[in-house]
Amino acid sequence: MAKHERFKVEGLAELAKALRELPDKVAKNGLRVSVYAGAKVIRDEARMRAPKAAEVLGPNQPPPGTLRRSVIMKQIPELSSLTRQTFFVTVRHGKKYRKQGKKGNLSQDAWYWRFVEFGTRKMRARPFLRPALEAKRREAVQAMKDRLSERVEQEAKNLYRK
């Protein structure tokens, strides 16, 4: 049911070479931080595009803004390695609705997100994740490049100081 989008950043030969010259732990952490920066750009755009109910929908229903609060990014260690880092931008879902937060009403269980994103027989789709990726793909790649180059320079300086 859930669809995944993949994209590969290429053309970073200089940075890849610099990563190979760094110790494994430093290279892995630098790559993770840079992919995090790219995922954050897409997560923020998806949050902005997520529709918000204009009013309370009734008792035992999530309060307005739940879908926006539930858009998260998550690193997947099982799919990550020294040369590859995987982050998902997704919607937190699956928990039973329960009152959370200081005010007692800030649930982050947006179990209905698939209906909004893909639509149903009775409801048109109002996608927000896919358009966020399409709109911010280049900006995310640039954020990854910038963060990775900063991190490689920083770690190289730290290595030479020792």
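Helices (H or I, at least four residues) and strands (E, at least two) are DSSP runs, numbered from the N terminus. The views show a predicted model, in which local features need pLDDT of at least 70 and side-chain atom pairs count only at pLDDT 80 or more, whereas totals for chains, interfaces and linings use all residues. Residues are numbered from 1 along each chain as its sequence is written, and side-chain values use heavy atoms, with hydrogens and water left out.

**Figure 1. Overview of the chain.** Five helices and two strands make up the secondary structure, and the elements follow the order α-α-α-β-β-α-α from the N terminus. The accessible surface (Shrake-Rupley method, 1.4 Å probe; for residues, only the protein chains shown count as cover) is about 11,200 Å², and carbon and sulfur atoms account for 51% of this area. Residues are classed by relative accessible area: buried under 20%, exposed over 50% and partly exposed in between, with a 1.4 Å probe and protein chains only. Of the 162 residues in the chain, 35% are buried. A contact requires heavy atoms within 4.5 Å. Among contacts between residues at least 6 apart in sequence, 62% join residues at least 24 apart.

Figure 2. Glutamate 45 lies in helix α2. This residue is classed as buried because its relative accessible area is 9%. Beyond its neighbours within four places in sequence, glutamate 45 is in contact with Ala132, Ala135 and Lys136. Isoleucine 42 belongs to helix α2 and is buried, at a relative accessible area of 8%. The C-alpha atoms of isoleucine 42 and lysine 136 are 6.1 Å apart, although 94 residues separate them in sequence.

Figure 3. Helix α2 contains valine 33. Residues up to four places away in sequence aside, valine 33 touches Arg147 and Arg151. Between the C-alpha atoms of valine 33 and glutamine 85 the separation is 9.3 Å, for a spacing of 52 residues along the chain. Aspartate 44 is located in helix α2 and is partly exposed, with 33% relative accessibility. From aspartate 44 to methionine 73 the distance is 9.6 Å, C-alpha to C-alpha, and the two are 29 residues apart in sequence.

**Figure 4. Aromatic pairs.** Rings of Phe, Tyr and Trp (its six-membered ring) pair if their centres lie within 6.5 Å; planes under 30 degrees apart count as stacked, over 60 as edge-to-face and the rest as tilted. Tyrosine 36 is partly exposed, at a relative accessible area of 39%, whereas phenylalanine 87 is buried, at 18% relative accessibility. Another pair, tryptophan 111 and phenylalanine 115, has ring centres 6.3 Å apart and planes at 80 degrees, and is therefore edge-to-face. Tryptophan 111 is partly exposed at 43% relative accessibility, and phenylalanine 115 is partly exposed at 40%. Trp111, Tyr112 and Phe115 form one aromatic cluster.

**Figure 5. Nonpolar cores.** A nonpolar core is a set of buried Ala, Val, Leu, Ile, Met, Phe, Trp, Tyr and Cys residues joined through side-chain atoms within 4.5 Å. In soluble globular proteins, nonpolar side chains tend to be buried together. The largest core of this model has twelve residues, among them Ala46, Leu67, Val91, Tyr112, Trp113, Phe128 and Leu129. Helices α4 (113-118) and α5 (129-161) each contribute at least two residues to this core. With neighbours within four places in sequence set aside, leucine 129 is in contact with Ala46, Val89, Val91, Trp113 and Glu117. Another core lies apart from the largest one and has seven residues, including Leu31, Val35, Ala39 and Phe87.

**Figure 6. The second largest pocket.** A pocket is an open set of points, on a 1 Å grid over the protein atoms alone, where a 1.4 Å probe fits, with protein on both sides within 12 Å along at least five of seven lines; lining residues have an atom within 4 Å of a point. Grid points are joined across faces, edges and corners, and a volume is the space filled by probe spheres set on the points. The second largest pocket holds about 340 Å³ of space. Its lining comprises 17 residues, of which Ala53, Leu57, Tyr112, Val116 and Arg126 are the closest to its centre. Elements α3 (66-70) and α4 give two or more residues to the lining.
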